[in-house]
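These are my notes from going through one model. I took the helix contacts to begin with and the ligand shells after them.

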Amino acid sequence: MSDIIEKITCAYSIAPRVREYLSDKLKRPSIMTRLEQLKREAEASRELMKTLGVTDICADCARTTDGSGCCSKAIENWYDIPTIILNIFLNVDIPNGNFKRFSKRNTCIFLTDTGCSLLIRYDFCVNYLCDKITFSLLNKEIKRLKRQYGRELYIAWELEQEIWRYLNTHLWKGHLLQGHSLQ
Ligand code: SF4
Ligand code: SF4
């Protein structure tokens with residue numbers, strides 16, 4: 001089983017316990033609000049990418065390069081459990097259970113015909129703008145995108161730290177990746 005499939009399987013398995021921990025309003029009153037804010041900022045980034053034409057350029061690139069663009073198979077393994085859990089919390093439809101169809105692909109497991117299936121992404125995936133994109137945008141548009149990405153990434157980072165805190169305190173990482181039925 002590949003690294004990313006292990007992480008996705010594990011993330012689905014432990015997400016309910018992490019949610020319970022984060023929803024404990026007495027201990028962490030602001031966390032669920034932050035999750036809502038993260039959703040709004042990530043959607044705002046998506047919207048801005050659409051408005052500026054970035055989404056179309058990337059979707060076309062994904063269709064035609066078979067993984068030689070920036071959505072190659074190598075990137076999927078940079079993802080870690082907290083980022084996957086944030087996507088699960090926000091009901092993102094990510095691959096789960098039927099992984100065979102991905103085994104022969106050269107592209108990232110999260111890539112679909114219409115672009116990336118994740119809402120919450122690793123900072124490289126959010127921030128990277130290749131020459132094709134930068135040549136198509138005005139400087140002020142690039143700055144606008146970067147400001148929006150920054151807002152999204154900051155909240156994602158805060159929440160990922162919270163999830164890591166839970167994982168480091170309650171679960172042993174070796175167990176996390178080997179057995180998915182922890183108490
Ligand atoms: S950022 Fe560039 S290389 Fe990456 S998917 Fe978009 S167009 Fe392709
Ligand atoms: S997570 Fe999304 S943006 Fe990042 S490499 Fe995979 S498909 Fe591309």
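Entry: a helix pair. I looked up helix α2 (residues 31-52) and helix α8 (residues 139-170), whose axes come within 9 Å and cross at roughly 155°. Axes here are lines fitted to C-alpha atoms, for helices over the stretch in contact, with angles from 0 to 180 degrees between N-to-C directions. The crossing makes α2 roughly antiparallel to α8, since angles over 145 degrees count as roughly antiparallel, under 35 as roughly parallel, 65 to 115 as roughly perpendicular and the rest as oblique. I noted the contact residues, two residues being in contact if their C-beta atoms, placed from the backbone, lie within 7 Å. On α2 they include Ile31, Leu35, Leu38, Ala42 and Leu48, and on α8 they include Leu145, Tyr149, Ile155, Ala156 and Leu159. By class, the contact of α2 with α8 has 12 nonpolar, 3 polar and 8 charged residues. For the classes, Ala, Val, Leu, Ile, Met, Phe, Trp, Tyr, Cys and Pro count as nonpolar, Asp, Glu, Lys and Arg as charged, and the others, Gly among them, as polar.

Entry: the numbering and the model. This is a predicted model, in which local features need pLDDT of at least 70 and side-chain atom pairs count only at pLDDT 80 or more, while totals for chains, interfaces and linings use all residues. Residues are numbered from 1 along each chain as its sequence is written, and chains are lettered from A and ligands numbered from 1 in the order in which they are written.

Entry: The C-alpha atoms of glutamate 158 and leucine 35 are 9.9 Å apart, although 123 residues separate the two along the chain.

Entry: the whole protein. I listed 9 helices and 2 strands, taken as DSSP runs numbered from the N terminus (helices H or I, at least four residues; strands E, at least two). Of its 183 residues, 27% count as buried.

Entry: The axes of helix α1 (residues 3-23) and helix α5 (residues 81-89) come within 9 Å and cross at roughly 65°. The contact involves, among others, Ile8, Ala11 and Val18 of α1 and Ile81, Ile84 and Ile88 of α5. By class this contact has 11 nonpolar, no polar and 2 charged residues. Because 8 of the 9 residues of α5 are buried, α5 is largely enclosed by the rest of the structure. After α5 comes asparagine 91, with a positive phi near 60°.

Entry: the ligand shells. A residue is near a ligand if its C-beta atom, placed from the backbone, lies within 6 Å of it. Around ligand 1 I found residues including Cys58, Cys61, Cys70, Cys71 and Cys130. Which helix gives the most to the shell around ligand 1? Helix α3 does, with 4 residues. The shell around ligand 1 divides into 10 nonpolar, 1 polar and 1 charged. Around ligand 2 are, among others, Cys71, Cys108, Cys116 and Cys125. That shell has 8 nonpolar, no polar and 2 charged residues.

How values were computed. Buried ≥ 20, exposed ≤ 12 C-beta atoms within 10 Å, placed from the backbone.
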